[in-house]
Amino acid sequence: MAALWKTCQQCLRYGFSNVSIYTSITAVNVISKRNFKAHWVAPTLRELKRRKVIEDDRNGGPKIFHRSTFLEWNYDAEIFAFSNRLGEKFNDLSLRAALTHKSYIERETARLSDIGVESNLQFQDNEALSQKGGELLSKFINGYLRAVFTQVPEELIRAMHDFLTSNPTLETVARHIGLGDLMLCADFPCKTETYVKSFKAIVAALAESSGEERARIFVQDLVVTQLYGQDVNELWNPVDPVGNLTAILKREGKAEPEFRLIRQAGSNSILGVYYVGLYSDKNFISEGAGESLEVAKEMAAREALKKFFRTEDSMRALPFGRQLKNIQSKIAQLENQPNIPLSEWISEKVMSAVH
Amino acid sequence: MFQYQISIVASFPLILEKIGFSSKSNCYMFCGCPTIVKKRKMSATKRVQQWSTFSRMWYLYDAQWQDPFHSAKVLSPYLTGQNKPIYHPLNDCGDHVVVINSQEIALRGDEWKKRVYFHHTGYPRGASWTLAWELHQKDPKMIMRKAVFKAITSNLVRRTCIERLHIYPGSEIPEEIKSNLSGQIRPVMPVPKRLQEYSKEEIENYPKVFDFPNDYILR
């Protein structure tokens, strides 16, 4: 009676359509069984892990081994795979030279001479290539930045260039294209400078093998993209935004900037916020917020400069890939043409956006 | 005053960091295990944006002839911060509300005579029942305060929220509070204009359908 009542309840609750009186077949070729591990297994593994962690901490980190120490390491295959992975054609000799470091050559010759074997090794190191690559890198980056950031003063271009050619940035790029496994160097784990040198040498090797055009696109795709998502105003902003803004407006023949308090809340409290608007001849230019009037005023001036230089938060996304197809020649042209410095900046002089 | 530029998704790491949870950890807020606060270096723009997003507004509410219980329902979202897109129960993003003219509130029907406030001191024979009009005479701010307190959901943040409610029986506000004000909340009931508040010109110029002649004597 109770069972019947329960079934009726279930039918009422779920409805006849949902309840199936046939059991469903789920998996066919699965044998499920319970895993009985002895009572001492888990504690033992836990203790071993604890000891490993302590030992690693004492040694300054877990032991890492180079990929070449593992099985199936074929350097020639790796080189071939590297160029294919990037979709670029490298001269074999140039690529190998780009990945070989002086320290490695020295170590190998010393090792062979210790054994007593005369070294007939004809290794070429990447010193010259990395030098050339560094110059090419700077050139390509500057060309791109000046073509995309047409309104920006030269100081900001320089700051963005310095950021993109900095060691951390280039090391990140080098690591992510797999140079860590391919480089022939004496130090392991490899130093930042080694990665950076290799990467610059790769750029030069590519320019030698496939031409400057390919190398330019390579740098745009791999290095300049590191700027994506970065607030460029973090990299550089003028020391005295109010003064610079006044100078720019004066040069353009516009009225002096006028700061007005737009909104405020909690002036007496510690969480007070002020909104200051910037006007020139009663025309609104920008507004800035801050915890005090001075901060808000400076932010308003900064926002105005960002507006002039077209580097606001809402600026257009950086173009890459197909979007640059038509302006590569313009980029090449602007490699040797610096932008206007801040001291002479005026909106009439800057050229319109290229992209 | 707050800017909606930080999306609610992006703001969560910042909220978590604010209350002491690392955004990189796998701990969820409700597991109760605090991790190391991860300090990020912010650009000036982001810092200012963060500051203005989490700043508190100060609202003014005129309780003249308003129903305190309906007003409380309107005011409690401002105190808890539920009017903001960055709202979270643990975010502590409530605004301040300054209520003036709490002496002039209007209760419905015969509530002044019938509504009773119970209080027990905790000691034997410590129970007391106070009628609304008696309580209002003793402290003209209490009815408003109790109404808002009840309107806020009963939880541990309620006491913090009610601290941000500043009630004044008249229309005088201390200078330090007045300088904080940044907005106003519309009264729940429209306040009618009394005959005494109309100026002589307005009364004379008011369109009339009919008026007695000057020499007519009213009995």
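Which strands of chain B does helix α3 (residues 68-80) lie across?

1. Helix α3 of chain B lies across β1, β2 (96-100) and β5 of chain B. It runs at about 150° to β2(B). Axes are lines fitted to C-alpha atoms, for helices over the stretch in contact (heavy atoms within 4.5 Å). Angles run from 0 to 180 degrees between N-to-C directions. Helices (H or I, at least four residues) and strands (E, at least two) are DSSP runs, numbered from the N terminus.

2. This is a predicted model: local features need pLDDT of at least 70, side-chain atom pairs count only at pLDDT 80 or more, and totals for chains, interfaces and linings use all residues. Side-chain values use heavy atoms, without hydrogens and water; residues are numbered from 1 along each chain as its sequence is written, while chains are lettered from A and ligands numbered from 1 in the order written.

3. In chain B, 4 strands form an open, parallel sheet in the order β5-β2-β1-β6. Two strands pair if DSSP finds at least two bridges between them. The edge strands are β5 (165-167) and β6 (183-184), each pairing on one side only.

4. β1 (residues 58-62) of chain B pairs with β6(B) over 2 bridges, in the parallel sense. L60(B) has Q184(B) of β6(B) as its bridge partner.

5. Turn to chain A. I157(A) lies in helix α7 (residues 154-164).

6. I157(A) touches N142(A), L145(A), R146(A), F149(A), V152(A) and N339(A), leaving aside residues up to four places away in sequence. N339(A) is 182 residues from I157(A) along the chain, yet their C-alpha atoms are separated by 7.9 Å.
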